[in-house]
Every structure is written in C-alpha cells, then in structure tokens.
Amino acid sequence: MSQKVSKVFHQSGVIPYRVQDGKIEVLLITTRNYQRWVVPKGGISNGMSPPNSAAKEAWEEAGIVGQVDTHELGSYKYRKRGKSYQVKMYLLPVQEVSEDYPEVGQRQRQWLDVNKAIKRVKLTSLKRILRRCLKNKSRLSVLTHYSN
C-alpha cells in the first residue's frame with residue numbers, strides 16, 4: 001500500500017516594521033476577503049530568491065518598499081483549500097508607504113504595536129515569529145538605523 005505524499009507549496013513573506021516615536025510598529029494587512037489579519041506573503045516567483053520575492057509581495061499586497069533582511073527569521077506552515085504551505089519569513093524595515101499599489105482596493109492595512117499585532121493574528125506559528133521580533137528589539141533598532 002502506498003501512502004499519498006502531499007506537496008508543500010513554498011512561499012516567502014515579510015514582517016514589515018518601523019520605529020515610530022521610539023516604539024516598534026508592525027504593519028498588518030487583511031486577507032482579500034477582510035476576514036483575518038496577516039502579513040504580506042506569497043509564492044516564490046521563478047528566478048527570484050525568497051527575500052526578493054517577499055519584497056515583491058510586500059509591494060503588491062501592502063504598497064510598502066524597503067530592503068529585506070536576507071537572514072531568515074523563521075518559517076511557519078498553514079493549510080488552505082486542502083493544500084499545505086510553508087512560508088519563510090524575513091524582516092522588512094519599511095522605507096516607503098504608497099497609497100497606490102496593485103491590491104489597494106482588496107485589503108486594509110494597519111500599523112500596530114508588536115503586542116497588539118500578536119493578538120490580532122490568528123495563526124499560532126505566526127504569533128511565535130512575531131514574539132521573536134519583540135525579543136529582538138535591539139536587532140530591529142540596529143537594522144532600522146542602518147536602513148535609513
């Protein structure tokens with residue numbers, strides 16, 4: 001008897017952040033149907049590295065631009081419509097926020113304190129990665145300092 005091997009689709013995403021009045025804020029976006037708060041992510045485009053593909057998704061889904069930190073922050077898995085996905089996550093210090101971007105009419109976005117962002121997202125594994133960001137505040141501050 002053979003066992004069915006389920007394919008895992010690989011994606012990459014970012015945790016977009018900024019320092020506002022000395023506090024770290026994370027940008028969350030809604031899913032297209034506005035049901036859940038998530039971070040920008042998507043399939044890894046052919047010929048692109050996971051960090052570069054994640055930067056492309058950040059632009060398309062949230063209208064944000066910055067230099068993605070190529071150090072993988074962690075990964076999480078989720079299931080959608082019977083398919084399995086694994087998402088590699090990277091930090092993105094946001095340098096520009098545009099009001100005109102590809103999915104502007106399909107999503108909402110909101111800057112939140114890291115603790116509020118953790119409460120807002122539903123996926124436990126994504127919460128874990130956000131908590132890791134909170135623990136690495138000093139690293140975020142250094143990255144933000146060098147990216148400005």
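Author: Happy to. One term to begin with: a contact means heavy atoms within 4.5 Å. Among contacts in the protein between residues at least 6 apart in sequence, 67% join residues at least 24 apart. This is a predicted model, where local features need a pLDDT of at least 70, side-chain atom pairs count only at pLDDT 80 or more, and totals for chains, interfaces and linings use all residues. Residues are numbered from 1 along each chain as its sequence is written, and side-chain values use heavy atoms, with hydrogens and water left out.

Reader: What does the pLDDT average, and where is it below 50?

Author: pLDDT is the predictor's confidence in each residue, from 0 to 100. The average is 88, and 86% of the residues score at least 70. Residues 142–148 have a pLDDT below 50, and beyond near neighbours in sequence that stretch has seven contacts in the model. Where pLDDT is low, the predicted coordinates should not be read in detail.

Reader: Good to know. How many helices and strands are there?

Author: The protein has four helices and eight strands. Along the sequence the pattern reads β-β-β-β-α-β-β-β-β-α-α-α. Helices (H or I, at least four residues) and strands (E, at least two) are DSSP runs, numbered from the N terminus.

Reader: And what share of the residues is buried?

Author: Of the 148 residues, 44% count as buried. Buried means under 20% relative accessible area, exposed over 50%, and partly exposed in between, with a 1.4 Å probe and protein chains only.

Reader: Let's look at α1. Which of its residues are buried?

Author: Those are P51, S53, A54, E57, A58, E61 and A62. They sit on the same side of α1, because they cover an arc of only 155° around the axis. That arc is taken from the directions from the helix axis to the C-beta atoms. As a rule, an α-helix has 3.6 residues a turn, so residues three or four places apart point the same way.

Reader: Nice. What covers them?

Author: The cover includes β1 (8–20), β2 (23–30), β4 (41–43), β5 (64–66), β7 (83–97) and β8 (109–113).

Reader: Switching to T30, what does its side chain reach?

Author: The side chain of T30 reaches the backbone nitrogen of Q108 at 2.9 Å. T30 lies in strand β2 and is buried, at 1% relative accessibility. Leaving out residues up to four places away in sequence, T30 touches R36, W37, V38, R107 and Q108.

Reader: Last one: which side chain does S84 make a polar contact with?

Author: R79, at 2.6 Å from side chain to side chain. A polar contact is a pair of N or O atoms within 3.5 Å; within protein, one must be able to donate a hydrogen and the other to accept it, and residues adjacent in sequence count only if both atoms are side-chain atoms. S84 is in strand β7 and is buried, with a relative accessible area of 15%.
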